[in-house]
Amino acid sequence: MASAIAIWTGVRDMAALGHETGSTALRIGAGLFLLIISAIFSLNFFWGYRIVENLRSGRTRFSGWTVTPADYDLFREIDGNFAKRGEANDYRALKAVPPEGVAVLFSRDGVLIGDRYFGLASTGLNRFGDAAIIRSEPPMLEFAMVTTTATNLSVFRVFRIHSVLRVPVASNAAIQAEKVAGHFQAVLRNEVIVNPGFWKLRIRIGLIGAAICAALAGTGFLLADRNDELDNIPLFLAVAGTILAIGGLVLALKSWSFDRSRRPR
């Protein structure tokens, strides 16, 4: 809403003055940037909300259990001992447990622990590399997590961050936990392909986006001789269109490589 107001007031003042000023350019430029970022965040949060609601309603639930306060207290103690040895958990245990306990709900590619959701994809920039049972009392499920990231402070470098996700298991849910671990181990071996259209959709989005942005960039280059007359719009189209087209191609290429790596062996 703030971005839309900034853009509207910038355009209104520029029309009233008959020319662009530093203030109107700043409001329109910053407003457009923040509007795009806000829209992306909104779509992401809506997507996350749907994932959680589908799990809670049972539409995508694969397995699950409720950890009683007594079992959860034991889990927190054991998990704390792991953390003291330098094996911190991606899931931060609650300090106070609700009287009804903590629900643990699994889909075929994620887990909801209370109100914390963790994706468990076998490919992508955030994935799991192993799934195992810790035979404590009560038991725990442990996932070896891998996050791929990059830095460009001096030299561009891609590296992986390794961490651990430990999930509490109810004392009466050991058999269910074994089945969950077996499912995710089968996913790692590509014996089970979860959401087979996930990366294919992103390939299409990347290619379509690249084509549209390339057309916008081409329009900007064709109108380059009228750049001053059109208030730098052709220059903006040429630069932004080229950058976004390259981004679409990168998205399509990475999605293709991730989709290829999931093919049954």
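Against which strands do the buried residues of helix 3 pack? In this predicted model, local features require pLDDT of at least 70 and side-chain atom pairs count only at pLDDT 80 or more, whereas totals for chains, interfaces and linings use all residues. Residues are numbered from 1 along each chain as its sequence is written, and side-chain values use heavy atoms, with hydrogens and water left out.

Helices (H or I, at least four residues) and strands (E, at least two) are DSSP runs numbered from the N terminus. Helix 3 comprises 16 residues, 69-84, and spans 22 Å from its first C-alpha to its last, close to the 22 Å expected at 1.5 Å a residue; the expected span is 1.5 Å times one less than the number of residues. Residues D71, Y72, F75, I78, D79 and F82 of helix 3 are buried (under 20% relative accessible area; exposed is over 50% and partly exposed in between, with a 1.4 Å probe and protein chains only). Seen down the axis, the buried residues of helix 3 fall within an arc of 130° and therefore line one face of the helix; the arc is that of the directions from the helix axis to the C-beta atoms. The buried residues of helix 3 pack against strand 1 (63-67), strand 2 (102-107), strand 5 (126-134), strand 6 (140-151) and strand 7 (157-168), contact meaning heavy atoms within 4.5 Å. On the other side of helix 3, A70, E77 and K84 are exposed. The helix is followed by G86, with a positive phi near 90°. The charged end of R85 sits over the ring of F82, 4.7 Å from its centre (NZ of Lys or CZ of Arg within 6 Å of the ring centre and within 35 degrees of the ring normal).

The structure holds 12 aromatic pairs, for which rings of Phe, Tyr and Trp (its six-membered ring) must have centres within 6.5 Å; planes under 30 degrees apart count as stacked, over 60 as edge-to-face and the rest as tilted. The rings of F41 and F45 have centres 6.3 Å apart and planes at 35°, so this pair is tilted. F41 and F45 are four residues apart in helix 2 (residues 22-57), and are thus separated by about one helical turn. F41 is partly exposed at 48% relative accessible area, and F45 is exposed at 60%. F106 and F184 also form a tilted pair, 6.1 Å centre to centre with 55° between the planes. This pair links distant parts of the chain, with F106 in strand 2 and F184 in helix 4 (residues 174-188), 78 residues apart. F106 is buried at 0% relative accessible area, and F184 is buried at 0%. Ring pairs join W65, F106, F128, F143 and F184 into a cluster.
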